[in-house]
Amino acid sequence: MRRLYIGGLNHTVTQKDLKDRFGKFGEVLDVELRTRKDEEGIPYKTFAYININISEADLKKCMTVLNKSKWKGGTLQIEAAKESFLHRFILLLNFTS
C-alpha cells in the first residue's frame, strides 16, 4: 500500500472523483480530502491523501500520466506522502505493545 499526496485540486473535486481517477492505476482504499479556507470561508487550497494498493510499475505510470496534468480546473501535483508524527507514533505504539 502507498499513501500519496495529491495537491493542486480544484475545490469542487470529490472523493468519488479521486477514487475514479486513481482507481485506473490501483485499488483506492481511502481518500482524505481537505480544503483550507480563508477567514471569509472562501476555499483557497484543496488537497488530498489517498491510500492505494499499487505496484511500482503502475505507480510510475500513474505519476507519468497524472502528475502535472490539468484536471477539473487544477494542475495535479502528486508525490509520496510524508509520514505524519501521529502516524509514526501509532506505529511505535503498535511495535512496542
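User: Which helix of the protein chain has the lowest confidence, and which the highest?

Analyst: In this predicted model, helix α3 (residues 85–96) is lowest, at a mean pLDDT of 62, and helix α1 (residues 15–22) is highest, at 98. The pLDDT is the predictor's confidence in each residue, from 0 to 100. Where pLDDT is low, the predicted coordinates should not be read in detail. Local features here need pLDDT of at least 70, and side-chain atom pairs count only at pLDDT 80 or more, whereas totals for chains, interfaces and linings use all residues. Residues are numbered from 1 along each chain as its sequence is written, and side-chain values use heavy atoms, with hydrogens and water left out.

User: What makes Lys16 and Asp20 a salt bridge?

Analyst: The term requires a side-chain nitrogen of Lys or Arg within 4 Å of a carboxyl oxygen of Asp or Glu. The closest N and O atoms of Lys16 and Asp20 are 2.7 Å apart, so the pair qualifies. Both residues lie in helix α1, 4 residues apart, about one turn of the helix.

User: Why is Lys16 called exposed, and Asp20 partly exposed?

Analyst: Buried means under 20% relative accessible area, exposed over 50%, and partly exposed in between (1.4 Å probe, protein chains only). Lys16 has 57% and is therefore exposed; Asp20, at 42%, is therefore partly exposed.

User: How do you know that Lys61 and Asp58 form a salt bridge?

Analyst: Their closest N and O atoms are 3.7 Å apart, so the pair meets the 4 Å limit. Lys61 and Asp58 both belong to helix α2.

Conventions. Helices (H or I, at least four residues) and strands (E, at least two) are DSSP runs, numbered from the N terminus.
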